[in-house]
Amino acid sequence: MAHQNVQGLGKKLHELSTSDELKNIDVVCMTETWLTSYEIDYYCTPNFQIISNFCRKKTIRGGSLIMVNDRLKSKNRKDIVDNSIENHCELSCVETKNIIIICVYRPPSGNFLIFSEILENVLTKLSTKNNKYIMAVSY
C-alpha cells in the first residue's frame, strides 16, 4: 500500500502511470486529488481501478481516492464515504477480503471538532465487527 498527498492529480497522472514502483503495490491512497466527480473516471492508471473516492461539490481542490490493483478483489464502502463533510473530513474507503482501507484528508482550514467526531463515528462503526483496518491520513 502507498499513500501520497498529490496536490492535484491531473498534472501527475502520466508520472504515476509510468512508475515502476506501482508494480509491487496493490492499493494506492491519494489525498488532495483536486478532481471533480465529472473528472474522476478519466484518472486511472494501467492495472488499477478507482474503487472509492470523495470529490468536492461546492469548493475546489481537496478530495481523496483509493485505487486498487486489478489482481485484488475489493469493494467501495459507501457507508463510510458518506460520512464525509466537505472541507472538514474527506473520506474514501475500500474493503478487501482481509482488511478495510480508509483514506482520510483533513483540510487545514477545517473544523477539528467536526473532523474528530466523524473519525470517531467511523472507527466505532468499523470496530463493532472486529474488522482489521489501515488508515492513511493527510492533514
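Which residues point one way from β4, and which the other way? In this predicted model, S64, I66 and V68 point to one side of β4, while L65, M67 and N69 point to the other. Buried or exposed? All of them are buried.

## The sheet

The sheet is open and has 4 strands. Their order is β1-β2-β4-β3, with mixed pairing. β1 (2-5) and β3 are the edge strands, and each pairs on one side only. On average, neighbouring strands are turned by 20 degrees against each other, direction ignored.

Strands of a sheet pair through backbone hydrogen bonds, in either the parallel or the antiparallel sense.

## Strand pairs

β1 and β2 are parallel, with 4 bridges between them. Here A2 has V28 of β2 as its bridge partner.

β4 has antiparallel links to β2 and to β3. With β2 there are 5 bridges, and C29 is partnered by I66 of β4. With β3 there are 6 bridges, and I50 stands opposite M67 of β4.

## The cores

β4 is mostly covered, with 6 of its 6 residues buried. In soluble globular proteins, nonpolar side chains tend to be buried together.

The largest nonpolar core holds 14 residues. Within this core, L9, V28, M30, L65 and M67 touch the most other members. At least two residues come from each of β2 (27-31), β3 (48-54) and β4 (64-69). Another core, of 13 residues, lies apart from the largest one. Its members include C93, I100, V104 and L126.

Note on methods
Residues numbered from 1 in each chain as written. Predicted model: local features only at pLDDT ≥ 70, side-chain atom pairs only at ≥ 80, totals over all residues. Heavy atoms only, no water. Core = buried A, V, L, I, M, F, W, Y, C linked by side-chain atoms within 4.5 Å. Buried < 20%, exposed > 50% of the residue type's maximum accessible area, 1.4 Å probe, protein only. Pairing = 2+ DSSP bridges. Axes fitted to C-alpha atoms, helices over the stretch in contact; angles between N-to-C directions.
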